[in-house]
Amino acid sequence: MIKTNSLKKIEKKGIIAVIRAENQEEALKITEAVKEGGIEAIEITMTVPGAVSLIKNLTNEYSKDDILIGAGSVLDAETARTCILAGAEYIVSPSLDKETIAMCNRYQKAVIPGAMSVTEIVEAMKNGADIIKIFPATLFGPKIIKAVKGPLPQAPLIPTGGVSLDNVKEWIRAGSFAVGVGSSLSKGAKNGNYAQITENAKEFISLIKEARAEMA
């Protein structure tokens, strides 16, 4: 899948499910639950034990039309390449690493580096980032998106960290390309309530759709 298709798929539902778990089994159950809820972009973070093998298993099991598998918490180009060869269609980083961006562009995979300042956002775009991850977004709130969009209306931004059902519409209204959601989406996993994760996924999609309709 070329990167433009990946970006369109992320934008379509407006949400990336950020999967963090104590083991592969839990991560797989969370993935299946959010997929059942309609989320199509799944980010398997490198903090999950055996994350690369999980990415490979998921990309072998599901077609790209079903779910778009990416890798998160990627810190360097070497890890990015390993994940891409395992089947990851996009790479997400918590920080700005130019070599990682270059590696993803070499393989024509979407790349989403993290940034906390306007300087980092501009630097990411100069180096070929497809989307910029505002992280940790909880430190700023939705106002950071609107503020950055003032001088940089062309910047495609995804807030991650602190996005919840209570504020997701604010993030979208502020101008977010999409949102990255982790714990507020998958917290049901702690007590084995994966049905709740599915319901959370459905509600996130519904609220994002409502916010976009209100802006149209």
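Tutor: Helix α1 (residues 3-13) packs against helix α10 (residues 194-215) at an angle of about 90°, the two axes lying 8 Å apart. The model is predicted.

Student: What describes two packed helices in general?

Tutor: The angle between the axes and the distance between the axes describe the pair. Here the angle is about 90°, and that makes α1 roughly perpendicular to α10.

Student: Which residues of α1 and α10 meet?

Tutor: On the α1 side they are Glu11, Lys12 and Lys13, and on the α10 side Ile205, Ile208 and Arg212. By class, this contact holds four charged residues, two nonpolar and no polar ones.

Student: At what angle do α4 and α5 cross?

Tutor: Helix α4 (residues 77-86) and helix α5 (residues 98-106) cross at roughly 25°, and their axes come within 8 Å. Angles under 35 degrees count as roughly parallel, so α4 is roughly parallel to α5.

Student: Is the crossing of α4 and α5 left-handed or right-handed?

Tutor: The α4 and α5 crossing is right-handed. From α4 the contact takes Ala77, Ala80, Arg81 and Ile84, and from α5 it takes Glu99, Thr100, Met103 and Cys104. Sorted by class, the contact of α4 with α5 has five nonpolar residues, two charged and one polar.

Student: Now the empty space. What shows where it is left?

Tutor: A probe the size of a water molecule is rolled over the atoms, and this shows where space remains empty. In this model, the count of cavities of 30 Å³ or more comes to one. The volume of the largest cavity is about 40 Å³.

Student: Which residues line the largest cavity?

Tutor: The lining consists of Ile16, Val18, Glu43, Val92, Ile112, Lys133, Ile158, Thr160 and Gly180. Five of these lining residues are nonpolar, two are polar and two are charged.

Student: How much space lies in the largest pocket?

Tutor: The largest pocket holds about 440 Å³. It is lined by 22 residues, and those closest to its centre are Val18, Arg20, Gly182, Ser183 and Ser186. Val18 is also listed in the lining of the largest cavity.

Student: Which element gives the most to the lining of the largest pocket?

Tutor: That is α9, with three residues. At least two lining residues come from each of α2 (24-36), β9 (179-181) and α9 (183-186).

Student: How does the lining of the largest pocket divide by class?

Tutor: The pocket lining has eight polar, seven nonpolar and seven charged residues.

Technical notes:
Residues numbered from 1 in each chain as written. Predicted model: local features only at pLDDT ≥ 70, side-chain atom pairs only at ≥ 80, totals over all residues. Heavy atoms only, no water. 1 Å grid on protein atoms, 1.4 Å probe; cavity = no way out; pocket = protein on both sides within 12 Å on 5 of 7 lines; lining within 4 Å. Points joined across faces, edges and corners; volume = space filled by probe spheres on them. Nonpolar A, V, L, I, M, F, W, Y, C, P; charged D, E, K, R; others polar. Axes fitted to C-alpha atoms, helices over the stretch in contact; angles between N-to-C directions. Helix = DSSP H or I, 4+ residues; strand = E, 2+ residues; numbered from the N terminus. Parallel < 35°, antiparallel > 145°, perpendicular 65-115°, else oblique. Left-handed = near helix turned anticlockwise from the far one by under 90°. Contact = heavy atoms within 4.5 Å.
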